[in-house]
Amino acid sequence: MSQDPFYVTRIELIAYDKPYSEPVARNIWASGATQANFYLKVAVTCAGEERVAAIEGGLGQRSGKPMAARYWDYLETVASRLMGSELAPEKFLSGSMPAAARKWVEATDSLIDNAGPLDKRQWSKIQSAVTSTYKLLGKVFKALAQQEAAETAASDTALVEALFSRAQNVLYLPEAEPPTYTYQPTIKGKPQTPSEPLSPNSSNDTVLMLPLGTMDAKSHLMERECVRQGYNILRTGKGVFTADNNGQRFYFKLSRSPLVSIDAISLCTHKEATREFLAPLGFPVPRGRMFPAGDYENATKFANLIGYPVVVKPATGVRGIGVVPNITSDTELKSAFHVLESSKLGHDDFIVEKHIFGEDYRIMVIGGTVRAATLRAPANVTGDGKHNIAELILIKNRYRQNIPHLKSRPIVFSEATRYQLDKQGLTLHSVPTAGKQVILSGSCNLSQGGDSVNILHEMHPSIIKVAEDAVKAVPGLDYCGIDFLIEDHRKPVGETDIGICELNAHAAIGTACYTMFGEPVNVPRDAIEEVLIKNKLPLTPLPEDNIAVQVNIRGKVTGVGYRKWFARHAQRSGLTGYVKNIGPRQVEAVLQGSLVGITALTTACIRGPSEALPTSVRTTHLDVTHYDEFTLIP
Amino acid sequence: MDASLENFTDLLGKLPAITREGLLVHAMRMPNSAQSLLLPRQLAYYYQQIPTPEAGAENIKPSGYVCGVSGRNLLPEVNFCQDIRAWRARLERSGVKVVKAASFSGRSIRDHIRYARKIGYPVVLKPVIRNTLFEEYIKDIKNDAELEFLFRQSRELKKQKASDLSASPYAMTRLSEDHIDEHGRKFLPLSVRYMVEKQQQGQQLRLIVAFGKIVAALTKPAGAKQWQQSADIHESYKAVGRKVAKVLQGMDFLRVDLIVDNPLEPASDDNHVVIALSEHLKCYKLITDHFDTTQAILEQVAECKMPDLSKQATIHVELSGVSNGLRLKQELTDVANVLALGLKLDELDEVTGRVHFELSGPTWALASLTWIYANGLGINEVPTSVCCR
């Protein structure tokens, strides 16, 4: 037996979207825990020999709650301490814990989180986390010592698939090259010249936007820009707020802004109405027609009249629900009707239209000018010749977590992923060659793990003109995300096929703002500036690094841990000021610090901790004063 | 009013209430436009010149209306009107009196009952966010048992499609999961909140606001069915209407409903409350009894003078998305006969699903037929768009 030391060379730490009582790590399952919400895989190497063991455990089981986030941070730190450690061969092979193990599991500052020595409940939770992590590692090392058990864990395909369906958050992974994106379209089966590869973006806002949790960032982004322009905010719902300044008031609901009128939204939310409006004006819309629910006979006749391939979609659909693209025969069309019928919008009118080949683009037009063009590529990974597809997905998901808009939209393993891999003759264990792109989804939706790539710098001016003209033709539409299908965005209209799929009058505002690849564009900033310009109001931007606001929160906000929740987030975001109760149903706070940190917290205030029921949050500008720290006033 | 207009108001009365306002605006705008384009969900565009690809998109911008509501109203403001909790908070902060009410999620009927007991019966129950064109409310709820029954009944899911005429085309799309009870019956998602409000005693006062000014003030005493024009309501109520309009900046046209003790006496803290705001002016309810007022309001909404609705005219119409030429011919002939219109129908182009025809007759009847076809009112062969020149 070799007497060389063993080294920890690879660790995977994955959080589940909710606790599961059925174990997927079949050979090792932390006894005592009734439900697991994380998975830990450790690989050790000695002289070319690799041993892998995996275990599941349960910590901080209330997903999305502040304590859960602290547990994840703690586990991630334990994993980073463990990574690269040297293990003495005798001790390792006997299955006992290394001497350094106590140091690996030491409580971190974020786990302690200012818990005072008298806060017994908090200390017992911390102690319990440390002890259970130590015991868990003990089981891992015991398994690693038994070579056979370890090998089973590593090669179990069902395990990998089950894991992917549960994976919410990839916490820790070994160092790997960052994923890249290379644009290389194909026209009539012929690959075109590739563009320069793009590296992934990383945004500092991700940490500051943590208070938002699962809340949609759309409304926060609009609020952020209104606050930057000196407007005071009154928020009455997760997506609803008004911004006012000197008697001038603007209303917002998610990304619905005063740049859109009600007739414009009614036109944009009905795909057939959009086509009937744009087609006579000469815009490139796919040929198609709407049919009442269940009129499949006439729809099939029509598909044959215009010729396959066709697309079937609900007339008033959103988020790709019920859409079936690239239907090539009557049989496929019949299956598509079945898919449509069983979708949430299946009882509504539907459209059959000609399928246009090309990539999916969202072009943002604000005030008649194109501000951003984002290519939405289906979920994919690019091989490096070393990692298998499962690992490449985990690595990519790790990078997606650096982008606020994609943080909660990881690539997930689903039936659709399995179908795509089957089509390419691959499995999660396949190791793609360096540079080979593997497509993992048929949908370009970002929530299905798709990539967002800003390509405005490459887009041909003739396509930009078509987008601007189409939006200008619709009255009351000064904010629009226009969806195009384009074969090659670098070529002029005429040399490449293009088609307008739909107009979105309340397009997700974070798409271009936080892209995975390519230069991000601050679309919410452009939108709010356009609102002011349209209303002939001056632009008065405040410095983004230091603003001060007073926040008044009304509703069921006392006796529910609201101030503690508020103080924790304020301190994490590096804000100063104070928070105090000023009545039986009102909390007042003063915040000073960065614009992003402040507005993320004020947006999240309408939700607060789990027991709170705030009804309104008022944010008012103050002159900047100097607070050294954040204080919770009892 | 001449005989033709009587026929028009008679026809209006026979159409679903939610389509009447749109037809009134259409009857005003169609004769004043070079081209009208009627699209699904009561969406109508009126062009001053016939649009062509060569003319350029910016030069041919039409005026848009949806369900008779002007496109001058901005989207988030209208969404605010549909969200009772949002406009109540805003009005309260601006010092406008609103009816005593509280909202709760669908998870607990007990909270509703507890609050109803606290404020005292009778109460009114309504969804916090209105996703339909009509106002949904149940009033005269007198006790706990009635409230519990009606709460459950109102939450039961009605099979509503996005293409239904009653569905608001500009409301937020609701995609949260339906709640299914132990018997398999489907209910609105539990997150959908309902509001319990104190039912007020007194007269209803309706103020119609256009561009920040009160253009009509009507009252309806308790128990009465018709609105009465009230020229001498106290100026302080008009000031309340203007204040509400100022709060809802971005709504060029707005209906404000109040309950008041006496509209002739000055408004004070305890003699009036705002009970509803809406983008729907509901002119169709006034046209028979208060024609001049209705005309004045409609002329502001439609941004044109009221045309001579009985004047004879000829229009060219193109219907799109037609499948069955024979059924269309039969139905179209029947509708034209009922409205005493002359009809010259071309053959259906089966490839494009388009059909052209020429219609002649009184203006109100031409507007009515095109509106009936655009919105599939009582017909089976419903086109996807109607274009009139």
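## Close-up views of a predicted two-chain model

**Figure 1. The largest nonpolar core.** The largest nonpolar core holds 214 residues. A:I482, A:L591 and B:V244 have the most contacts inside this core. Its largest share, nine residues, comes from helix α10 (residues 363–374) of chain B. The model shown in this and the other views is predicted.

**Figure 2. Surroundings of A:I482.** A:I482 is one of the residues with the most contacts inside the largest nonpolar core. Leaving aside residues up to four places away in sequence, A:I482 touches A:I363, A:V365, A:A467, A:A470, A:V471, A:I500 and A:L503. Another core lies apart from the largest one. This other core has 38 residues, including A:L40, A:Y71, A:L137 and A:F141.

**Figure 3. Strand β16 of chain A and its partners.** Strand β16 (residues 369–377) of chain A has nine residues, and seven of them are buried. The strand is therefore largely enclosed by the rest of the structure. β16(A) pairs with strand β15 (residues 359–366) of chain A in the antiparallel sense, over seven bridges. Within this pairing, A:M364 has A:A372 of β16(A) as its bridge partner. β16(A) also pairs with strand β19 (residues 451–454) of chain A. That pairing is antiparallel too, over four bridges. Here A:R376 stands opposite A:S452 in β19(A).

**Figure 4. The hairpin turn between β15(A) and β16(A).** Two residues lie between the strands of this hairpin. A:G367 takes a positive phi near 60 degrees.

Figure 5. An unreviewed UniProt entry lists residues 548–634 of chain A as "domain: Acylphosphatase-like". In the model, this span is 24% helix and 44% strand. The C-alpha atoms at the ends of the span lie 22 Å apart.

Figure 6. Under "active site", the unreviewed UniProt entry lists A:R563 and A:N581. They span 19 residues in sequence, yet no two of their C-alpha atoms are more than 7.8 Å apart, so they gather at one spot. A:R563 lies in helix α20 (residues 562–572) of chain A, whereas A:N581 is found in strand β23 (residues 576–583) of chain A. A:R563 is buried, with 22 other C-beta atoms within 10 Å. A:N581 is partly exposed, with 16 other C-beta atoms within 10 Å.

**Figure 7. The contact between chains A and B.** Chain A gives 48 residues to the contact, and chain B gives 49 residues. On the side of chain A that touches chain B, the elements giving two or more residues include the strands β9 (240–245), β10 (248–253), β11 (288–291) and β25 (613–622). The helices α10 (262–268), α11 (271–278), α12 (296–306) and α17 (461–473) of chain A are also among them. The largest share of this side, six residues, comes from α10(A). By residue type, the side of chain A divides into 21 nonpolar, 15 polar and 12 charged.

Key
Residues numbered from 1 in each chain as written. Chains lettered and ligands numbered in written order. Predicted model: local features only at pLDDT ≥ 70, side-chain atom pairs only at ≥ 80, totals over all residues. UniProt positions renumbered as here; feature names shortened; annotations may be inferred. Contact = placed C-beta atoms within 7 Å. Nonpolar A, V, L, I, M, F, W, Y, C, P; charged D, E, K, R; others polar. Buried ≥ 20, exposed ≤ 12 C-beta atoms within 10 Å, placed from the backbone. Pairing = 2+ DSSP bridges. Core = buried A, V, L, I, M, F, W, Y, C linked by C-beta atoms within 7 Å.
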